[in-house]
Amino acid sequence: MNSPVIVAIGIFGISMLAITTEKVNKTAAALFGAMLMVVFGVVTQEKAFDYIDWNVIFLLIGMMIITGITKRTGLFQYIAIRLAKFARGEPLAIILLLALATALVSAVLDNVTTVLILVPITFLIAVELNVVPTPFVIVLAIASNVGGTATLVGDPPNIMIGSAAGLGFVDFLANTAPVIVLILAALCLFVFVVFRKSLVVSNERKARIMAFDDSKAIEDKPLLAKSLVVLGLVIGAFLFHSAVGLEPATIALGGAALLLILSGFHDVEAIFGEIEWTTIMFFLGLEPATIALGGAGLLMVISGYKEVEELFAELEWTTIIFFMGLFMIVGALVEVGVMKSLAQALLGATAGHLKLTGFVVLWASGILSAFVDNIPFVATMIPLIKEMSASLGPQAVEPLWWALSLGACLGGNG
């Protein structure tokens, strides 16, 4: 191995160790590792920036904006209370309904936000029922991971895979969603078998749940209506994005912009703090790849939201920058030929048998993602499968993308 390869592998190894052990903030570790690749001459700055997948970045930003506005309406709390009352206060029925609802919401919105919003109301329900909340929380977390695996936008690894492989929203619905339906059924069966005897409460406790006033959960009905309309338009556009020639990032940012306009947000620049993200976005907007950002701005204007700075302050900018750093680190490995060598080694180990390779990718992704962050793992695997695609053809390796998606997303439940 020549010196650039050794340096690249060394920086990559140290960065991944820092990220997975969380001894250092993962965003700082990813960004520092990326800059070290440039400083030590593994890759030029221009080339490192070229490896950033802006389609992933903009799609994340767009969906974060939509989720951030929608959660202000109280929709998620309303759903949780309505389901609890629909279950007539039966703990087992509540946990099953909440699991299914969490999975469904996580398929179209950020699953981390979904869980963060639903867990507090779940605790409240558990307290009123006088049961241990642990089963509720664990089942919701698992259901969120499972549901997010079903679609292109449900989980960040899927966004990365879809962009890298050119796979659309419908492709995920056709290939991962059927598997997820079976897994959700298995999860519900598991919950029923394990908790059916322990989740038993008195009629008095059930009555407390029935006394909840779900109408008070909705904090802004006009905004709720606007959010649901825009979300419906975005999902519809996702379904037909290939036919109309629009990238998912364009749709997400266009929807985000529309909702921001409707909600009445005005001080967009304050969202980004001292870093002049608005200036960067403006110049990026001159390029075809960033038309989506213009859409995001439009959504802000239409939605009429006043506290734009609050909305953007809640966006996971550390996650966005984390992705940028990861793309640059892994891009440096691609640049010096490490990923090509690994792809050849994997194909050699499985004798070019793609089914066997698929099982290796599936189980390796599942097991490793139970212990390490699945996002850097997927970032590392994407160029590996791309190298295989270059030699075997895109259609031949397509099953490997689904194996990576299912393994990495579901493995996080470990």
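Phenylalanine 172 and tryptophan 402 are both buried (under 20% relative accessible area, 1.4 Å probe, protein chains only). The model is predicted, with local features requiring pLDDT of at least 70 and side-chain atom pairs pLDDT 80 or more, whereas totals for chains, interfaces and linings use all residues. Residues are numbered from 1 along each chain as its sequence is written, and side-chain values use heavy atoms, without hydrogens and water.

Three aromatic pairs were found in a search of the whole structure (ring centres of Phe, Tyr or Trp, the last by its six-membered ring, within 6.5 Å; planes under 30 degrees apart stacked, over 60 edge-to-face, the rest tilted). In one of these, the ring centres of phenylalanine 172 and tryptophan 402 are 4.9 Å apart and the planes lie at 90°, so the pair is edge-to-face. Because phenylalanine 172 belongs to helix H10 and tryptophan 402 to helix H23, the pair ties together parts 230 residues apart in sequence.

Tryptophan 401, leaving aside neighbours within four places in sequence, is in contact with Ile161, Ala164, Ala165, Leu167, Ile382, Ile385 and Lys386 (heavy atoms within 4.5 Å).

Key. Helix = DSSP H or I, 4+ residues; strand = E, 2+ residues; numbered from the N terminus. Buried < 20%, exposed > 50% of the residue type's maximum accessible area, 1.4 Å probe, protein only.
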